[in-house]
Amino acid sequence: MSATIYKDYENTLPKPILDNVKTLCSKYKLSDAKIKKTLEKTKEAYLKAQVEPGESIGIVTAESFGEPSTQMILRVFHFAGASEMNITVGLPRLIEIFDARKEPSTPMMEVYLEKKYATSPSKVKEIAEKIKGNTLEDVASEFLLNIMENKVEIKLSRNKMQELNLNSKDISDIIVNSLKTVSVEQDRDNIILKPESKTNKLSDLYKLKEKSKDIHVSGVKKITQVFPMKINDDEYVIYCSGSNLKEVFEIEGVDSTRTKSNNIFETAAILGIEAARQTIIEETLKVLEEQGLNIDIRHIMLLADTMTRSGGIRGTTRTGITKEKESVLARASFETPIRHLVNASLIGEKDPLSSVVENVMLNQAIPLGTGLPGLMAKMKEKKK
Amino acid sequence: MIPVYISEKYVGEIESPTEFVRKVKSERRKGNLPTELNIFYDKEFGEIKIELSKGRVQRPLIVVENGKVLLTKNTIEKLGKELSWNDLVKQGVIEYLDASEEENAFIALNENDVTEKHTHLEISPLTILGICTSLIPYSNFGSSSRLIRGSKIQKQSLGLYSSNFLLRMDTDVSILHYPQVPIVRSFTSDIYPNKSFPAGQNIVIALMSYEGYNMQDAIIINKGSIQRGLFRSTFFRPYNTEELRYAGGLKDEVAIPDKEVKGYRSEKEYKYLEEDGIIFPEAKVDENDVLIGKISPPRFLGELEEFSIAANVRRESSTSVKQGESGVIDFVVISENEAGNRLVQLRMREQRMPELGDKFASRHGQKGVIGMVVPEENIPYSTNGIKPDIIFSPHSIPGRMTVSHIIEILGGKVGALSGKTIDGTTFDSTPEEELRKELLELGFREDGTEVMYNGMTGERFKTRIFIGNMYYLKLKYMVKNKLQTRASGKVQLLTRQPVEGKARGGGLRLGEMEKDCLVGHGASLLLKERFDSDKAIIYVCESCGMLGMYDYFKNKKKCSKCGSNVEITPIELSYAFKLLVDELKSLGINSKLNLEEKY
């Protein structure tokens, strides 16, 4: 009996809300009439919560971000150097997200582990060590420039190599593979690099030294630090500075369904655009929460949707979503007007005057709010 | 061997620097060397610098020798009678140090601190403050940021800015009626001509809320006090005009313009002018009244002569009272300027009574505007029948930590009740405990609070109100100088949009973000109306999409490209957009307008 009542509302109410009503109604054992009444009220509330046609959601979103962020400017640098892990927060991070910068200034990863690994501290530590990327600089104790003989001498540190289960031979092989046009000699814990080119330029030698420091020897590339941390009762999560989702996923024990990065572009490439959208939302929320600001999530969702709707990530800049605008005048009114006008005239673009800014420029009613509905008059037919 | 420089010039070397420096100093103290001479032994660089050059700032200090202050009680008593300041300098009791010699000095702040090591004693700890800051009473109890504000505010206060103000032609000045000397004052206000040029009045102030009209730094003022002359001031505004000479022997003429003059206003506006074209003193003028009538020769000679019916029309260029101002003509001067042109200057005076929005401040950086003028009968009163002149919000105190503000009220109360001035000199003031004791002796509560009654209902307030006297300043920012309204008026020639600025009667800009607010509310028709100050009817040729025109002579619409046999439609647009289309045209971009039926 009651099942049929619910059926009537399947088209008007979304499934999670309907399910919620269902469980609550059965919990309190309501009569059919009362269920009907509840559903009717729910429907009313649901429809009330919907955005009305002609509501200028874009402007409201912009204002919702703009007003509190003016206050954020004052509080940006308060956290500088406060913690071991230095994370970009506040307005700089918000700008980074919205402008869709290719690389965040502080890339971060939260690596979740599979159940059997996540609870044991020793296993977590093992994985964390696997994840941490090491460069030649990390295993060497000294880099020397020998100007007389035009070579770079590297002294390796025994202890550090042992920690990483490496020996001098391995390292010299890695160097041979990663440096070209350089001859590598290994003598116990000493490695000597000699450029094969005949030019005895000091600056080249210096560049070689700096280049060799960054040679990746073990672990996951780009990840400079790892911090295993307990999040709830007994589950451990590894926080990493530096981000490299692809290689981390290949490590055994890493839960690829929950692991996330704050690099939006990387997320989009590895996990897809929907994940990138979610990352934008979560990262924005994180910044706002930290600053104690309260912006409705729907504004952030709108922004994330707009940024990702083309399948790629576009920032809120003149080269990003503003470029997508249909109207020439609207684009010209926001940064680099001459370029937009000239380019539009080259291809003979047409401006349909369908949005806000261009109508303000022409002093016409904007197609929003009270300016949206047109008037249709029903004329009386003339009697023949 | 240590090199010696005199005014940055190398003069020689000496062997024992300390001894040398000591000798130079002692010679200076004896008066054998000028007091402007300063000597500095730079131990780090191993050199001695003697300075005699111009432009150094020196400050006086009391000399201390072997832990003994040279200025004794005995000499202080003689000061002003047998001894003068210059005598002290001559005797070497006081000496002037510059910034470099200060590096070698060890200066004690108080006499009690003096030890063997000290070389000098500060005349008073007050010298760390400037004139304006040291005028603030009890300022060692306030926070430094408020002191900075407090000293800035004092510079903006109205008072007697100059004793010959009646003979001066200053722009934007005011004179406070009945200025008073503060009850709670500092040592500086006694030595500085502050006494002869006071800049405020002593008022009764209560720290309480009043119906919320004094929130956020606003103050409530008693209407009765205003009517009795509190903070009344006179505002002066000079007007002047010059008889300029032009090419061709032509000249401006100060006279009453006749009706032939181009731009003649109306007889009513010239009514105050005497035969010489200048207004008489003590005339009561209102906005737009002509003060000095002036006629100028035509702007472009010869240009109009061929066409104009009345050739050589002279222009009207009188000086009149600015929009929104009124007053009495105070002073008229006819003189000549450097170029030998006749110059007419006059000064208008206007009495200003405190009104809603005028700015006031105490000396402690607590500024605010009048939030409400309350009729005297509605003002709260104490058991003695005392009514405050100003009601000040207590929320302004804790966050700003202006404790000095509170102590001044307490001190002011004691001073007003006992009929004496209270010394509030920074670091050396009458202690708060003493003030409290005296207040108690005068028959008041020692904390300065009193039982008060609501003026409107007569009910007793449940809490006691802190009330006392303090020195308040009227600041030069008055609403009457700021107020501006406009319905329609001047527009810019190029864009046909309203001009900017109060002096030109400009409009108030509805900016980008304000526009966004209207968009956000979906008030699209209101938005359109707000932006149609430059609306224009534009004729568009529907065949080529370019702008057409209306030929009023032939009473016909036409397009300069397609002729008059095409559809030409008038549309309503902002003139700024028409301008944009024209400018794009000048860049070689042809923009066409395709018209459609709107509904």
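Reader: How many residues of strand 1 of chain A are buried?

Author: Five of the five residues in strand 1 of chain A, which spans residues 108–112, are buried, so the strand counts as mostly covered. Keep in mind that this is a predicted model.

Reader: Which way do the residues of strand 1 of chain A point?

Author: The general idea comes first. In a regular strand, side chains alternate between the two faces of the sheet. In this case, Met108(A), Glu110(A) and Tyr112(A) point one way from strand 1 of chain A. Met109(A) and Val111(A) point the other way. The residues on both sides are buried.

Reader: Which strand do five bridges join to strand 1 of chain A?

Author: That is strand 9 of chain A, residues 235–241, and the two strands run antiparallel.

Reader: Which strand is joined to strand 1 of chain A by two bridges?

Author: Strand 10 of chain A, residues 260–261, is joined to strand 1 in this way, and this pair also runs antiparallel. Here Glu110(A) has Lys260(A) as its bridge partner in strand 10 of chain A.

Reader: Now the two chains. What area do chain A and chain B bury between them?

Author: The size of an interface is often given as the accessible area lost when the parts come together. For chain A and chain B this is about 1900 Å², with 64% of it on carbon and sulfur atoms. On the chain A side, the elements that give two or more residues are helix 4 (57–72), helix 17 (337–347) and helix 18 (356–361). The contact takes 24 residues from chain A and 26 residues from chain B.

Reader: How many salt bridges and how many polar contacts are counted between chain A and chain B?

Author: The count is zero for salt bridges, and ten residue pairs are in polar contact.

Reader: Into which domains is chain B divided?

Author: Chain B has domain 1 (2–123), domain 2 (134–232 + 356–474) and domain 3 (234–352).

Reader: What does the interface of domain 2 and domain 3 of chain B hold?

Author: Read it as you read the chain interface. The buried area between domain 2 and domain 3 of chain B is about 1100 Å², and carbon and sulfur atoms give 55% of that. Across this interface there are zero salt bridges and six residue pairs in polar contact.

Methods:
Residues are numbered from 1 along each chain as its sequence is written. Chains are lettered from A and ligands numbered from 1 in the order in which they are written. This is a predicted model: local features need pLDDT of at least 70, side-chain atom pairs count only at pLDDT 80 or more; totals for chains, interfaces and linings use all residues. Side-chain values use heavy atoms; hydrogens and water are left out. Buried means under 20% relative accessible area, exposed over 50%, partly exposed in between (1.4 Å probe, protein chains only). Helices (H or I, at least four residues) and strands (E, at least two) are DSSP runs, numbered from the N terminus. Two strands pair if DSSP finds at least two bridges between them. Domain bounds come from an automatic or database domain assignment. Buried area is the accessible area (1.4 Å probe) that two parts lose on being put together, summed over both. A salt bridge is a side-chain nitrogen of Lys or Arg within 4 Å of a carboxyl oxygen of Asp or Glu. A polar contact is a pair of N or O atoms within 3.5 Å; within protein, one must be able to donate a hydrogen and the other to accept it, and residues adjacent in sequence count only if both atoms are side-chain atoms. Contact means heavy atoms within 4.5 Å.
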